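I have kept to what can be read from the coordinates and from the predictor's own scores.

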Amino acid sequence: MDARRAAELAARNSYGRLVAYLAVRSRDVSAAEDALGDAFLAALKTWPSQGLPANPEAWLLVAARRRLIDTNRHARVKAATIPALEQIAEQVAQDLQAAPAMETPFPDERLKLLFLCAHPTIDPGIRTPLMLQTVLGFTATDIASAFLVAPATMGQRLVRAKAKIRDAGIPFELPAIAHLPERLEAVLEAIYAAYNRGWESISGADSPPAELTDEALWLARLCVQLLPQAAEARGLLALMLYCEARHAARRSPEGAYIPLAQQDTALWSMPMVQEAEATLNQASKLKQWGRFQLEAAIQSVHAQRAKGGTTDWAALVQIYSGLVQISPTLGAWVGRAAAIAEAHNPQRGLQALDDLPASPLKTYQPYWALRGHLLAQLQQFDSAKACYSQAIKLSTDAAVRAFLAHQSEEL
Amino acid sequence: MQYAIMVYEPEQEFAKRSDATHQEAYWGAYQAYSQALAEAGVASGGTALHPPHTSTTLWLEAGHRKVQDGPYADTKEQLGGMFIVDVPNLDVALDWAARCPAATTGRVEVRPLLPMDAG
């Protein structure tokens, strides 16, 4: 990560901490965002070029307080936020006088905010956008482009969700232990969704990909830090680290798509792979198996190719078979079929695909890409071409489309 | 905070109210629920409503009164009444809503009351 990006993430980090702190006290997310919004924009503008201030939170607070005092925004900012902002500004000022290097002068309430966004009464489709906006300070426009929604629509849905949080009396406290697992699951799902948005670079070749991957990793680290006993939080972090380690190998210098099996392992980030291994290890010691740990285990098997030069497909079939038991997603079923084809033969892989229910697969791109690949290996070129053409139609990424077209032409 | 726990019931549930074989069980369940709310100190009002066939919907069109027999929306489940509860937050209100007989026999909608003095 370059210095500009690091400064931007630091600004988002401090902003999220302050929004969470204020929102938990005022019980009003929009009001907290309003109070800090201008200061945050100023930080985004100046920190990447002028460097990080010694105490980022104090910088934001001073700027926010100044705005509140000397502009007529005061009237717009909800009354409940002002005493909370004043109180925290006062506290930070005192703490800084006592110990200028102190890092966290007030409690970190971001996890409460994350869990609030994952409350079962909030529409599942708006949970991830809500987290990205409240905890990371992304604008509705940024989020809308990553989620392929019109900015005005995204803006309205976010406003509506925050109004519901405020008016319906959704509690800001962390859920009771009994409800923690289901809520954590929603938080982790949302983080993974954010990660995939960035990773799939769905905005196509003409515009830069939505860069949500760093933020997703950062949110997962936050969950691990705040809930060290939650194995699945570590599982998700490990999974994303494995995928992220391959970042540089996924595209050729010309921007062409390179499938996992053909990637140059020398381009994989070994420190990241090692961190992923360590994280997955810690997770497995907690003895609560779950979907993300299994998916991380699959990536761990793939990562072994960097050391041994080969992939243990039989092990992958086993892990995928476990995964479809607890999380029967299309991706898991198709991944299992691919592993069966490699471990045994293309015919058996095809059979595994045929055993799946047809209707949801019609619009699932990886299904058609794998089917085309297997049929080509079985010399059924016409059927293979038809599958590739289906896969091309369903690909949102231009580089993937070009790769599939090339595969099809070679037949 | 005050919440309305709104009871939506299908036709066969409304029918049970006056049907000799089901009447006792029907009213008994709601009575037990009311009592539980009262004993927990969260009951804050509410009312039962006559079945939807007694309802009339009215609106003005260019100053002229239009009247229609029946409820406003023609849906499978209709409003049968509501309980008002006073509880700390939505989670607690939802826990109470889940205990309402209509959560099993129909649908329950939970909505916060809008305090008019705050406006």
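1. At what angle do the axes of helix α13 and helix α14 of chain A cross, and within what distance do they come? In this predicted model, the axes of α13 (residues 270-285) of chain A and α14 (residues 291-303) of chain A come within 11 Å and cross at roughly 140 degrees. That angle makes α13(A) oblique to α14(A), because roughly antiparallel is kept for angles over 145 degrees. The crossing of the two helices, α13(A) and α14(A), is left-handed.

2. As to which residues make this contact, α13(A) contributes V273(A), A276(A), E277(A), L280(A), A283(A) and S284(A), while α14(A) contributes Q293(A), A296(A), A297(A), S300(A) and A303(A). Sorted by class, the residues of the contact between α13(A) and α14(A) comprise seven nonpolar, three polar and one charged.

3. The confidence values deserve a separate remark for each chain. For chain A the mean pLDDT is 86, with 89% of its residues at 70 or more; over residues 201-210 of chain A, however, the pLDDT is below 50, although this stretch has 19 contacts in the model beyond near neighbours in sequence. For chain B the mean pLDDT is 95, and 98% of its residues reach 70 or more.

4. For the complex, the predictor gives an ipTM of 0.81 and a pTM of 0.76. The interface itself consists of six residues of chain A in contact with five residues of chain B. On the side of chain A that touches chain B, there are three nonpolar, two polar and one charged residues.

5. Turning to the makeup of chain A, its secondary structure comes to 21 helices and zero strands. Of the 411 residues in chain A, 42% are buried. Among contacts in chain A with a separation of 6 or more, 60% are between residues 24 or more positions apart.

6. Helix α6 (residues 110-117) of chain A is mostly covered, with seven of its eight residues buried.

7. Leaving aside neighbours within four places in sequence, R246(A) is in contact with Q263(A) and W268(A). The C-alpha atoms of R246(A) and Q263(A), which are 17 residues apart along the chain, are separated by 8.4 Å.

8. T128(A) is placed in helix α7 (residues 124-136) of chain A, and with 26 C-beta neighbours inside 10 Å it counts as buried. Apart from neighbours within four places in sequence, T128(A) is in contact with A190(A), A193(A) and A194(A). Between the C-alpha atoms of T128(A) and L378(A), 250 residues apart along the chain, the separation is 42 Å.

9. How many helices and strands does chain B have? The secondary structure of chain B comes to four helices and six strands, and from the N terminus on these elements run β-α-α-β-β-β-β-α-α-β. The C-alpha atoms of chain B fill a box of roughly 50 × 50 × 20 Å along the principal axes. Of its 119 residues, 18% count as buried, and residues 24 or more positions apart account for 74% of the contacts in chain B with a separation of 6 or more.

10. Leaving aside neighbours within four places in sequence, T56(B) is in contact with V67(B) and D69(B). The C-alpha atoms of T56(B) and Y72(B), 16 residues apart along the chain, are separated by 7.9 Å.

Methods
Residues numbered from 1 in each chain as written. Chains lettered and ligands numbered in written order. Predicted model: local features only at pLDDT ≥ 70, side-chain atom pairs only at ≥ 80, totals over all residues. pLDDT = per-residue confidence, 0-100. Axes fitted to C-alpha atoms, helices over the stretch in contact; angles between N-to-C directions. Parallel < 35°, antiparallel > 145°, perpendicular 65-115°, else oblique. Left-handed = near helix turned anticlockwise from the far one by under 90°. Contact = placed C-beta atoms within 7 Å. Nonpolar A, V, L, I, M, F, W, Y, C, P; charged D, E, K, R; others polar. Buried ≥ 20, exposed ≤ 12 C-beta atoms within 10 Å, placed from the backbone.
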